[in-house]
Amino acid sequence: MTTTYKPEIRDGRPVLCNRADIGEAGKGLTLRGLDSKYPDRPIEIFLIADVDAVWCYLNLCPHQGTPLDIKPDTFLDYEREYIQCTTHAAKFRKHDGMCIEGPCVGRTLVPVPISIAEDGAVILGEGDPFRPGPLVPEM
């Protein structure tokens, strides 16, 4: 079941979640308002974290445009070393989204800029070219 909620806004940017909310295999979110032409169009993103960093990408495999997760919030391989597309087993590096194994080697995931506040809030970052309007995350 998907629940729509009004996000907390900090410095004009929406808070996506708290770092502590990102599970060991990642966290997926559905956002609206990222596309100025179609503001109600849902955009799927996901967050992954390790000890020192958090990354965010569009949930879209560059091979065929399918979501990376078949099982919700499962974006990493079994060893938790790489992002893995569960449709075709393509593997991507966490830090830059580059595909290193599978049918789309050499292509990358689309990064979504974020920042992490001192209290652990994950905030949609500045400079994202696809966010001209208001944002409504769904959970």
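1. What share of the contacts in the chain with a separation of 6 or more comes from residues 24 or more positions apart? In this predicted model, such pairs account for 50% of those contacts, and this figure can be read alongside the overall fold described next.

2. The secondary structure of the chain consists of 11 strands and 0 helices, so that the pattern read along the sequence is β-β-β-β-β-β-β-β-β-β-β. Of the 139 residues in the chain, 42% count as buried, while the chain as a whole exposes about 7,600 Å², of which carbon and sulfur atoms supply 53%.

3. Lys91 deserves a look in the model: this lysine lies in strand 7, which covers residues 91-92, and it is buried, with a relative accessible area of 16%. Once its neighbours within four places in sequence are left aside, Lys91 is in contact with Asp77, Tyr82, Ile83, Gln84, Met98, Cys99, Ile100 and Glu101, a list that includes two acidic residues, Asp77 and Glu101, as well as the cysteine taken up in the next point.

4. The structure holds 0 disulfides, and Cys99 is accordingly in none, the nearest cysteine sulfur being that of Cys104, 3.5 Å away. Because a disulfide requires the two sulfur atoms to be within 2.5 Å, the 3.5 Å between the sulfurs of Cys104 and Cys99 is too far for a bond.

How values were computed:
Residues numbered from 1 in each chain as written. Predicted model: local features only at pLDDT ≥ 70, side-chain atom pairs only at ≥ 80, totals over all residues. Heavy atoms only, no water. Helix = DSSP H or I, 4+ residues; strand = E, 2+ residues; numbered from the N terminus. Buried < 20%, exposed > 50% of the residue type's maximum accessible area, 1.4 Å probe, protein only. Contact = heavy atoms within 4.5 Å. Areas by Shrake-Rupley, 256 points an atom, 1.4 Å probe, with all protein chains shown as cover.
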